[in-house]
Amino acid sequence: MLGGVSPKALLAGVMVAGFLVSLPIWMASTPEDKQHLSQSAVKKMVEQNVDLLDFEPEEKEELRRMLQPGPVDDVPDFERDVWVKDIVQTISPWVPDEKEAETIARWVYVYSKHFDLSPELVLGVIAVESRFDHFAVSNVGAIGLMQVMPFWKNELGSPSDNLLEIETNLRYGCAILRHYIDRYNHLDRALAAYNGSLGKQKYPNKIYKSMKKFKATDFGI
């Protein structure tokens, strides 16, 4: 007890005081400032939990290479075309526009192969993160199909990249996911890191459940 006040009560008082001090700043902020504050908070959280920016020089260079524009999707590929046709039908409840659905499916296939990922894994992440809305922007500033935070392009990619573009977003999302798989060599940990919840199982379980919608049978790396 401190002067008749318990440690719990003292801590609660400090937390309330901190909230009351910060609330006027938040309320008076412009929408742009609020988004910046949210992104800063998320960036700090991610850095603390998954060492996001704690890269070895060679790791940083590899990520920069991975985030560069990838393969052009103009080579005839029968297997891809069959898979894309099937997925267009599967995702039609989320993406009724057939051309948009085909664009999403084709780039999912291309970047899944490019980064050695299961296409169903990528689809599972998209379904959970954005429900296939490539214009999705979260309240903390995560963008697009795979809800990529803008600091990825500012730190390691190109600041001019548009994460609302289907190809760009899938390139970033798949590269980041591949990076975490390589770093942790464990899909549960990689998915949790992608979500900023390293050490917790809730997000990986959501992805595995989502993958079943796309006929996934292999949940390994």
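Is the crossing of α6 and α10 right-handed or left-handed? Keep that one in mind while you get your bearings; we'll settle it at the third stop. One thing to know before we set off: this is a predicted model.

**Stop 1: the whole protein.** Start with everything selected. Read along the sequence, the pattern goes α-α-α-α-α-α-α-α-α-α. Of the 221 residues, 42% count as buried. Now try a surface view: the accessible surface comes to about 12,300 Å², and carbon and sulfur atoms own 56% of that. As for contacts between residues at least 6 apart in sequence, 58% of them join residues at least 24 apart.

**Stop 2: helix α6.** Select residues 119-129, which make up α6. How many of its 11 residues are buried? The count is 9, so this helix is mostly covered. Show side chains for P119, E120, L121, V122, L123, G124, V125, I126 and A127, and you have the buried ones on screen. What do they pack against? Before moving on, click on R131, which follows α6: its phi is positive, near 55 degrees.

**Stop 3: where α6 meets α10.** Hide the rest and keep just these two helices. Their axes come within 8 Å and cross at roughly 110 degrees, and α6 and α10 are therefore roughly perpendicular to each other. Now for the opening question: the crossing is right-handed. By class, the contact has 7 nonpolar, 2 polar and 3 charged residues. To see who is involved, select E120, L121, G124, V125, A127, V128 and E129 on the α6 side, and Y203, K206, I207, S210 and M211 on the α10 side.

**Stop 4: N169.** Bring the other helices back and look for N169 in helix α8, which spans residues 166-184. Is N169 buried or exposed? Its relative accessibility is 0%, so N169 counts as buried. Which residues surround it? Leaving aside neighbours within four places in sequence, N169 is in contact with I143, G144, L145, M146, Q147, V148 and L163.

Conventions. Residues numbered from 1 in each chain as written. Predicted model: local features only at pLDDT ≥ 70, side-chain atom pairs only at ≥ 80, totals over all residues. Heavy atoms only, no water. Helix = DSSP H or I, 4+ residues; strand = E, 2+ residues; numbered from the N terminus. Buried < 20%, exposed > 50% of the residue type's maximum accessible area, 1.4 Å probe, protein only. Contact = heavy atoms within 4.5 Å. Areas by Shrake-Rupley, 256 points an atom, 1.4 Å probe, with all protein chains shown as cover. Axes fitted to C-alpha atoms, helices over the stretch in contact; angles between N-to-C directions. Parallel < 35°, antiparallel > 145°, perpendicular 65-115°, else oblique. Left-handed = near helix turned anticlockwise from the far one by under 90°. Nonpolar A, V, L, I, M, F, W, Y, C, P; charged D, E, K, R; others polar.
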